[in-house]
Amino acid sequence: MTDGSTLLKLQELDLELERLTTELNSMPEIRELAKKRKAYQKLKQDATKLLAQRKDIENELSELDENEAFCMAAVDQAQSEMADPANYHVVRDLEVQLSSISKRLDKIEFTRKEKRAALTKVLDAEAYASDYIAKFEASVISDTRMAREKAAGLQNDITVNKARRQALVDGMDRALYERYEAASKRFRGLGVEKLEGTVPSVCRTALSPSSMDELASMDEVGECPYCHRIIVRSVVE
Ligand SMILES: [Zn+2]
């Protein structure tokens, strides 16, 4: 390769390396994963809330069972006392007592229906949440794997291009390389341009006939009279 084509190739590799590094460092997949992990924490919190709600309802239901058993025992007691009442007043008292227990039992039954409906609702919500969380976990795992694969691919491309660059630099004249580095720094990665007809490829300012004559008399690698980048007059592959 001539100096000109080496310079152009080096710039091409550097631009590609810059692009790959930027792509690797700003992978949208990484941001998306961070968002997903946050959402996952929220889902787990919601599931914990549902579990607490269910435990509360289950406790309330077992309290209702206990109250019911207590009432039933009281009914049994009153009924056995009524089988052999001491007098009329005792019968009256027992009747009032039974009626009050019956009201309590009705209330227990009513509340139990409400709590059971609430329990069904929470159980459904829990089942839905656990299904959703399982799918979410699977998607996070697969997204993570894909992001890792993409990052590894980019990292590999970077390694390959760096090796190519190093091989190119090793074969270059030291002064030419230093000139390239200085121009690359000064022109932010675009320190070399190619003359296409009479137009340099980066600054796009058509050269005057006298500048063209001047360049023609020089080596393959010169300096653009307008932007002062390194200009490659003709490229011999
Ligand atoms: Zn120029």
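**Reading a Predicted Protein Chain**

Visitor: Of the 237 residues of the protein chain, how many count as buried?

Guide: In this chain, 30% of the 237 residues count as buried. Please note that the model is predicted. A residue is called buried when its relative accessible area is under 20%.

Visitor: Which helices and strands does the protein chain have, and what pattern do they follow along the sequence?

Guide: There are 5 helices and 4 strands. Read along the sequence, their pattern is α-α-α-α-β-β-α-β-β. The radius of gyration is 42 Å, whereas the globule rule gives 18 Å for 237 residues, so the chain is more spread out than a compact globule. Along its principal axes, the C-alpha trace spans about 140 × 35 × 25 Å.

Visitor: What share of the contacts joins residues at least 24 apart?

Guide: Consider contacts in the chain between residues at least 6 apart in sequence: 70% of these join residues at least 24 apart.

Visitor: How is a pair of aromatic rings described?

Guide: One gives the distance of the centres and the angle of the planes. A search of the whole structure finds 3 aromatic pairs. One of them joins Tyr128 and Tyr132, with 6.3 Å from centre to centre and 20° between the planes. This pair counts as stacked because the angle is under 30 degrees.

Visitor: Which residues do ring pairs link into a cluster?

Guide: The cluster consists of Tyr40, Tyr128, Tyr132 and Phe136.

Visitor: Let us turn to a cysteine. Where does Cys224 lie, and is it buried or exposed?

Guide: Cys224 is found in the loop between strand 3 (221-223) and strand 4 (230-232). Its relative accessible area is 0%, so Cys224 is buried.

Visitor: Which residues is Cys224 in contact with, leaving aside its neighbours within four places in sequence?

Guide: Those residues are Glu193, Pro200, Cys203, Arg229 and Ile231. A distance in sequence and a distance in space may also be set side by side. Cys224 and Thr205 are 19 residues apart in sequence, and their C-alpha atoms are 9.5 Å apart in space.

Visitor: How far apart are the mean positions of the positive and negative charges?

Guide: The chain has 37 positive and 43 negative charges, and their mean positions are 2 Å apart.

Definitions and conventions. Residues numbered from 1 in each chain as written. Predicted model: local features only at pLDDT ≥ 70, side-chain atom pairs only at ≥ 80, totals over all residues. Heavy atoms only, no water. Helix = DSSP H or I, 4+ residues; strand = E, 2+ residues; numbered from the N terminus. Rg over C-alpha atoms; globule rule 2.2 N^0.38 Å. Buried < 20%, exposed > 50% of the residue type's maximum accessible area, 1.4 Å probe, protein only. Contact = heavy atoms within 4.5 Å. Lys, Arg positive; Asp, Glu negative; His and termini not counted. Charge placed at Lys NZ, Arg CZ, Asp CG, Glu CD. Phe/Tyr/Trp six-rings, centres within 6.5 Å; stacked < 30°, edge-to-face > 60°.
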